[in-house]
Amino acid sequence: MEKKEYPKINTLQMHYFLEVAENGSFTNAAKQLYTTQSTLSKTIQALEQTLGITLFVRSHKRLILTEAGNHLYEKWSSLLLDIDRSIEECRILQGGYTNMLSIGVLDSHNPEMFALPHVRSFTKENPQTTLSIQSCPVQEIRQRLLSGNLDLAYTVLYDVEQLKMDELDYIIVNECPHNVGMLSTNPLAGKEYIEIDDLRGSNFVSISPLYTPSYNGMIEDLCKTADFQPNFVRYTNSATSLPYNLVSDNDIFICDRNFRGFQQPSFSAIQFRPLIHTRSGIAAVWRKTNTKPQLRQFLERINQNPVSWF
């Protein structure tokens, strides 16, 4: 049998690609990776040449994933998470982490806003406990929590409230209004704040219900309060892809100020406005059957530091 030739790529290249895809910018991704823009750009170009695939459409405003790039982003995100998890499992089998707490955070949100302050405070007070922090899409974070691969997950409040799973309990970590994301050329960007009825004629960019049905349910519930149906024009496979799918001046997506792109310069072409009289935020979720004492200690730390932005 003839030996199959595989493309010569490594996990560092894969990680670089994922970071660029999530940031939509070589400049901002380079800051996150502590490397130079030139090095990062050359790495992605070399990766595209090795694979024979165009991963990004390059415009003067932002990088946009091609259909092939979007497919690789979805597959490689899951693959690298599996690699990280397998290493952690091997360490546990070896006995290196007998006192460990596994925590999931959303890959689409900025953990500095809701999770990392708790992590740093807990680690300082409980140096004997090892924390394993894993970044996942909302649909995967839920699955990994239910399967027992995570002890605790920080997830969007709407996902908890829409699904209402009996196996889970939760604490609201922070609350804030929903925000509307849009191109700076959208007429709604001229408003200081937006009411739900203002969205009546907008085109909604949404996460596909195949991946996150609770996101669609949240939007439909919002629009129902103003007695209209949302006009969904485009679906993405993840929350991180929402900003890249704003095409026309009438396109919008719904997020909140915890969203990773909310304060990032790479999204300067995108504006965010608060959607008044709405409620969003982050919840810390865990399985009711999880009796780890480390989990109880961490929950106490969360209870001592709630955040509310209204």
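Leu-79, Ile-83 and Ile-87 together make a nonpolar surface patch of about 220 Å². Keep in mind that this is a predicted model.

First, some background on the chain. The protein chain has 310 residues, and 52% of them are buried. Its secondary structure comes to 9 helices and 11 strands. Now the contacts. Take those between residues at least 6 apart in sequence: 76% of them join residues at least 24 apart. The accessible surface comes to about 15,400 Å². Carbon and sulfur atoms account for 50% of that surface.

Leu-79 sits in helix α4, which covers residues 67-94. Is Leu-79 buried or partly exposed? Its relative accessibility is 38%, so Leu-79 counts as partly exposed. The cut-offs here are simple: buried means under 20%, exposed means over 50%, and partly exposed falls in between.

Now move to Leu-80. Leu-80 is also in helix α4. Its relative accessible area is 14%, so Leu-80 is buried.

What does Leu-80 touch, leaving out residues up to four places away in sequence? The list is Thr-11, Met-14, His-15 and Leu-18. Take Leu-18 from that list. Leu-18 and Leu-80 are 62 residues apart along the chain. Their C-alpha atoms are separated by 9.9 Å.

To recap the pair. Leu-80 is buried and touches Thr-11, Met-14, His-15 and Leu-18. That's the tour.

Note on methods
Residues numbered from 1 in each chain as written. Predicted model: local features only at pLDDT ≥ 70, side-chain atom pairs only at ≥ 80, totals over all residues. Heavy atoms only, no water. Helix = DSSP H or I, 4+ residues; strand = E, 2+ residues; numbered from the N terminus. Buried < 20%, exposed > 50% of the residue type's maximum accessible area, 1.4 Å probe, protein only. Contact = heavy atoms within 4.5 Å. Areas by Shrake-Rupley, 256 points an atom, 1.4 Å probe, with all protein chains shown as cover. Patch = residues over 30% accessible without salt bridge, like charges linked within 9 Å, V, L, I, M, F, W, Y side chains within 5 Å. Salt bridge = Lys/Arg side-chain N within 4 Å of Asp/Glu carboxyl O.
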